[in-house]
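Here's a quick walk through one model, helix packing and sheets included. Have the viewer open while you read.

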Amino acid sequence: MKITNVEANRYRVPVTVPSLGRQTNSSLMLVKVETDEGITGYGVPGGEHIRAKYAVQEFINRDVAPLLIGRNPLETERRWRELWQVFNVRCQTGVWSSGVSAIDIALWDIKGKYLKQPVHRLLGGNSDEVLAYVTFGFADYDRKQLVEAASKLVADGHDKLKMVVGWYERDTGKYTWSLNEDIERVRAVREAVGDDVSLMVDGNCRNSYERSLKIAKSIEPFDITWFEEPLYANDTILLSQLRAHTTIPISAGGSEGHKWAHRNLIVNKAVDIVQPNIGGVGGFTEALKIAHLAQAFNLQVNAAGPHGMHLIAGVTNGWQVEYHYVNWKTYEALFENVPRPEKGRIRVSEQPGIGLEPKDKALSEFVEN
């Protein structure tokens with residue numbers, strides 16, 4: 001089998017945010033890898049990594065595609081190594097890791113379709129079902145909207161929720177912060193959902209050590225399951241210090257672009273939970289190595305989205321997958337058969353490959369020129 005075509009396109013999907021009463025525009029880049037045997041794989045870069053969307057698209061279409069055409073897509077390790085040696089000998093992240101992540105995901109999609117197996121089984125096949133938490137607590141919500149959104153999710157059967165702390169934007173175009181506001185927001189959600197619901201907080205790498213420590217110590221009484229990426233740049237030394245001074249478990253890694261960054265988080269005892277982003281860390285090929293490394297240190301792994309679901313189901317230390325409402329609705333607009341969580345769990349697709357096939361009409365409607 002040989003790769004015959006590689007193409008990256010951008011899509012922009014309007015999504016209505018619950019309790020806000022308005023839409024937000026969600027972007028997604030889709031990479032298509034075609035083969036001479038009629039099997040096509042699809043991949044996406046994820047999260048913060050696609051903010052440089054034009055650069056990532058051009059990197060894939062103009063640099064990566066010519067290198068891959070004529071190569072065997074089933075040799076995922078070899079393709080990953082070649083892309084590394086040609087484009088990234090200095091161990092950079094950002095555009096490179098985003099582009100290669102999308103390519104690698106597409107190659108695993110092809111491999112699964114060729115072997116007639118879902119990717120989670122090719123990654124190890126540990127489970128057919130994964131735990132899922134809902135990211136709902138956006139900074140745009142005021143306290144009333146936050147409680148309303150949380151209460152509705154719990155009424156719908158969700159028992160694991162995550163909200164933002166540390167920064168807010170109140171229609172001013174500027175980020176502001178208040179420790180008291182953080183405390184009251186977390187308190188309000190905890191009181192609304194009760195003690196049986198897991199509650200997590202996310203700093204989105206936007207806070208100093210001093211601010212993160214104040215937040216952590218102040219919300220410890222609310223039984224927080226983890227504090228995600230609390231510090232600027234995932235500073236390993238400061239994360240380790242923060243972890244030593246709070247009872248809240250620390251998670252990080254979703255913003256990192258390769259296994260060496262995750263190694264530094266792990267060996268420096270900076271995290272309790274490892275969180276590789278399949279769409280930014282180098283795809284399944286790199287994420288699987290990170291999961292195995294974490295397992296050697298008795299650490300659990302979380303991941304995000306319909307692609308992360310396959311990693312969490314594949315490995316023995318897979319814990320939870322993130323259901324980010326806006327991102328997931330974007331997938332549902334563009335793909336067929338997107339699985340959804342029910343009562344805090346997701347049944348993993350048994351379709352060969354990733355199990356996501358694009359809706360041609362939606363791609364035409366939402367393509368971004």
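Axes here are lines fitted to C-alpha atoms, for helices over the stretch in contact, and angles run from 0 to 180 degrees between N-to-C directions. Helices (H or I, at least four residues) and strands (E, at least two) are DSSP runs, numbered from the N terminus. This is a predicted model, where local features need pLDDT of at least 70, side-chain atom pairs count only at pLDDT 80 or more, and totals for chains, interfaces and linings use all residues. Residues are numbered from 1 along each chain as its sequence is written, and side-chain values use heavy atoms, leaving out hydrogens and water.

Let's start with two helices. The axes of α1 and α2 (residues 76–87) come within 11 Å and cross at roughly 120°. That makes α1 oblique to α2 (under 35 degrees counts as roughly parallel, over 145 as roughly antiparallel, 65 to 115 as roughly perpendicular, and the rest as oblique). On the α1 side, the contact (heavy atoms within 4.5 Å) uses F59, D63, V64, L67 and L68, while α2 brings R79, E82, L83, V86 and F87. Sorted by class, that's 7 nonpolar, no polar and 3 charged residues; Ala, Val, Leu, Ile, Met, Phe, Trp, Tyr, Cys and Pro count as nonpolar, Asp, Glu, Lys and Arg as charged, and the others, Gly among them, as polar.

Now for the sheet. Four strands form an open sheet in the order β3-β2-β1-β17, with antiparallel pairing. β3 (40–43) and β17 (367–368) are the edge strands, each with a single partner, so one side of each has no neighbour in the sheet. Pairing takes at least two bridges found by DSSP; β2 (residues 22–35) and β3 have 4, in the antiparallel sense.

| Helix | Strands touched | Direction angle |
|---|---|---|
| α1 (residues 53–68) | β1 (3–17), β2, β17 | about 160° with β1 |
| α3 (residues 95–115) | β1, β2, β3 | about 145° with β3 |

Elsewhere, β4 (residues 129–137) and β5 run parallel, joined by 3 bridges, and G137 has M163 in β5 as its bridge partner. How many residues of β5 (160–164) are buried? The count is 5 of 5, where buried means under 20% relative accessible area, exposed over 50% and partly exposed in between (1.4 Å probe, protein chains only). K160, K162 and V164 cover one face, with L161 and M163 on the other.

Finally, R185 sits in α6 (residues 179–193) and is buried, at a relative accessible area of 0%. Its C-alpha atom is separated by 8.4 Å from that of D142, 43 residues apart along the chain.
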